[in-house]
Amino acid sequence: VDTARGQGKDYSAFTIMDVTEMPYRIVAKYRNNIVSPLVYPTIIRSVCEKYNKAYALIEINDIGAQVADVLYQDLEYDHIFMTQYKGRSGQVVGSGFGKGGNQFGVRTTGPVNKLGCSVLKSLIEEDKLIVEDLDIINELTTFIAKKQSFEADEGHTDDLVMCMVLFAWLTRQDYLREMHDTDVRTE
């Protein structure tokens, strides 16, 4: 889940991924640049419930933390991935138990972005992730390297791609492998 401010600029976007078998597939997406961050959690919950109570990985930089809090606290949707900082290991996904520092969602830091972009590239090139969506393909064609990171080229958006980057990062987390008994590396 990527959250924007609903002011007609960036998009609030999310993708629903089928992780029950390889290759992974995108089964649904949402993209809207005028939806209010106050309404967005209701949309996320509604769609996630229709897809077998899908787990949500919410990017919590900026206003995304508010979306995660409303989704969990007000709408009582508890299928949200939590992360915790683990020193040199950086952020890791977990169940929320253990020592402090647990938070709903993931903060897109340099290491998360770098690993997610690298894994996304590998997943697509190795046919482990099937992308059959024109909006996502269009965003991928304008997703370029800038300094030490990747982002949309000037005049373009990357909101759906960033959802894919977070998903790719998630596939490297032990927690996801244990949930679904799949490991991209061994596949």
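Mentor: Let's take the helix pairs, then one lysine. Keep in mind that this is a predicted model.

Trainee: Start with H1 and H2. At what angle do the axes cross?

Mentor: Roughly 55 degrees. H1 covers residues 40-50 and H2 covers residues 64-74. Their axes come within 9 Å.

Trainee: What do we call that arrangement of H1 and H2?

Mentor: Oblique. Angles of 65 to 115 degrees count as roughly perpendicular, and those under 35 as roughly parallel. The crossing is at roughly 55 degrees, so H1 and H2 are oblique to each other.

Trainee: Is the crossing of H1 and H2 left-handed or right-handed?

Mentor: Right-handed. On the H1 side, Tyr40, Pro41, Ile44 and Arg45 make the contact. H2 brings Val67, Val70 and Leu71.

Trainee: And by class, what is in that contact of H1 with H2?

Mentor: Six nonpolar residues and one charged. No polar ones.

Trainee: Next, H3 and H5. How far apart are their axes?

Mentor: 7 Å, with a packing angle of about 90 degrees. H3 and H5 are therefore roughly perpendicular to each other.

Trainee: Which residues make the contact?

Mentor: From H3, they include Val112, Leu115, Cys117, Val119 and Leu123. From H5, they include Val161, Met164, Val165, Ala168 and Trp169. By class, the contact of H3 with H5 has 13 nonpolar and three polar residues, with no charged ones.

Trainee: Changing topic. Where does lysine 128 lie?

Mentor: In the loop between helix H3 and strand E6. H3 spans 110-125 and E6 spans 129-130.

Trainee: Is lysine 128 buried or exposed?

Mentor: Buried. The cut-off is under 20% relative accessible area. Lysine 128 has 15% relative accessibility, so it counts as buried.

Trainee: What does its side chain make a polar contact with?

Mentor: The side chain of glutamate 126, at 3.2 Å.

Notes. Residues numbered from 1 in each chain as written. Predicted model: local features only at pLDDT ≥ 70, side-chain atom pairs only at ≥ 80, totals over all residues. Heavy atoms only, no water. Axes fitted to C-alpha atoms, helices over the stretch in contact; angles between N-to-C directions. Helix = DSSP H or I, 4+ residues; strand = E, 2+ residues; numbered from the N terminus. Parallel < 35°, antiparallel > 145°, perpendicular 65-115°, else oblique. Left-handed = near helix turned anticlockwise from the far one by under 90°. Contact = heavy atoms within 4.5 Å. Nonpolar A, V, L, I, M, F, W, Y, C, P; charged D, E, K, R; others polar. Buried < 20%, exposed > 50% of the residue type's maximum accessible area, 1.4 Å probe, protein only. Polar contact = N/O pair within 3.5 Å; in protein donor to acceptor, adjacent residues only side chain to side chain.
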